[in-house]
Amino acid sequence: MSLSSLQHVTYAIADAMLAGPAEPAGMVERMTLALGEAAGWMNGLARHVAKRFAARWDSVGRKELSTVVAGMPGFVSAWRSEQPPTVVRVLTRLPFQRPPPPWLRDVMLPQLPTLGDLAAWLKVEPDELDWFADRWRVPAHSAATPLHHYSYKAIEKCDGRCRIIEIPKSRLRALQRKVLSGLLDRIPAHESAHGFRRGRNIVTFAAPHVAKAVVMRFDLTDFFASVHAGRVYSAFHVLGYPLAVARTLTALCTNRIPSSRLLAPDVRDRIDWQERQRYRNRHLPQGAPTSPALANLCAFRLDVRLAGLARSVGASYTRYADDLAFSGDENLARMAERLTVRVAAIALEEGFSVNLRKTRVMRRGARQHLAGVVVNSHANVARPEFDALKALLTNCARHGPRSQNRDDHADFRAHLAGRVAHVAMVNAARGAKLRALFERVEWDEGSEVGAGSNGEASR
């Protein structure tokens, strides 16, 4: 007999045992059905397998079990006999969803053991689910096609480079929102993570670093694009979802940008080769509603390790999306260089990279700021920012908001309201002053929107 025949038989025996509960009598009965007749070695094999694997039966795979079968003396003797075991029928394990890991034992995740269950949960037909999850339907070089599920927008960074926002079209976005609200929002992020979490914000991110002798800030390069499809699949699979379901969920939540878009004039010279490769491979799209929660989930190990590193040097650690912050006493300042190297190494091992050019070591004598929040003595907004907004609101009240909308914001009132709310979140007293000025502004329909090039309100 050839090796492939031996593998075929051991896989069939493993499949038969896995097609039911880890109870010896039942395993023997299923092995008998698979091979067409009972054999004495089956009892010893079943007892051994039950004793060794019963506690984690739901997570045992056929390959692992077939290796055990091939190594059992009773089966080896039978295989070497004149009439070795042969397969007469194949029994397969019904699709099932494994229990989530122990740290999620109290989390109620949707039960989606099959693609049919996933389609029903998303309220789409199975062929529609296949359409949205088919990773290879659109050629990699093509962007201008109705078959593609994303549109793209290049946003200029302060250094002249650009970030590509990947915007899912309405039907895919609706499916992603269902995955977010019904599944991902139920999974807690690490305690150090403050971005994209209900009840957390830039103030909670900065608060642990207030009034510290030294504050260190690190920036992760291409945070979302660094999370490739393989890591997203692993996250869904760890939650207990079967291979086919985990793959489909991954395809719904990841994207690859067509080459034609990456080579377009407004992008080509403003991203480097490494960024282009990240975008070409399937990754978390910045713009999809599921990406922030999945990024936090995939960064869980990064947070665990960096929080442990911070504890080992007597420092505090928090993360807001791609911003990492450490703070501590003067001892932290003395080891700043070593900490920088260690943080960069851990990030690299976890699939991320630190932009060392943006690393900052901020001592008490200078302004210490994180995500726009000044933390020297208490959480606050920078004085120049407050003064500029105060002056803008004063001028709006005196001369009308239309004259102050120099950047042509589509909804100038909402823009200013958002800036006032931001200040109020950081510093309630300053926010109240700005709110009073905002309420003095006389708004009219034409002043709330930006003026287009022809002098009319832009729509």
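Predicted model: local features only at pLDDT ≥ 70, side-chain atom pairs only at ≥ 80, totals over all residues.
1. Helix α17 spans residues 336-349, a run of 14 residues. From its first C-alpha to its last, α17 reaches 20 Å, close to the 20 Å expected at 1.5 Å a residue.

2. The buried residues of α17 are A336, L339, T340, V343, I346 and A347. Because they cover an arc of only 135° around the axis, they sit on the same side of α17. On the other side of the helix, E337, R338, V341 and L348 are exposed.

3. What covers the buried residues of α17? The covering elements include the strands β3, β5 (323-328) and β6 (360-363), along with the helices α15 (300-312) and α16 (330-334).

4. Just after α17 comes G351, with a positive phi of about 90°. Two further positions with positive phi, described below, are not glycines.

5. Most residues other than glycine have a negative phi. A211, although not a glycine, has a positive phi of about 60°. A211 is found in the loop between α9 (202-206) and β3 (214-219). The strand β3 is also among the elements that cover the buried residues of α17. With a relative accessible area of 41%, A211 is partly exposed.

6. D408 likewise has a positive phi of about 60° and is not a glycine. Its place is the loop between α18 (383-399) and α19 (412-426). Is D408 buried, exposed or partly exposed? D408 is partly exposed, at a relative accessible area of 37%.

Definitions and conventions
Residues numbered from 1 in each chain as written. Heavy atoms only, no water. Helix = DSSP H or I, 4+ residues; strand = E, 2+ residues; numbered from the N terminus. Buried < 20%, exposed > 50% of the residue type's maximum accessible area, 1.4 Å probe, protein only. Expected span 1.5 Å × (residues − 1). Arc of directions from axis to C-beta. Contact = heavy atoms within 4.5 Å.
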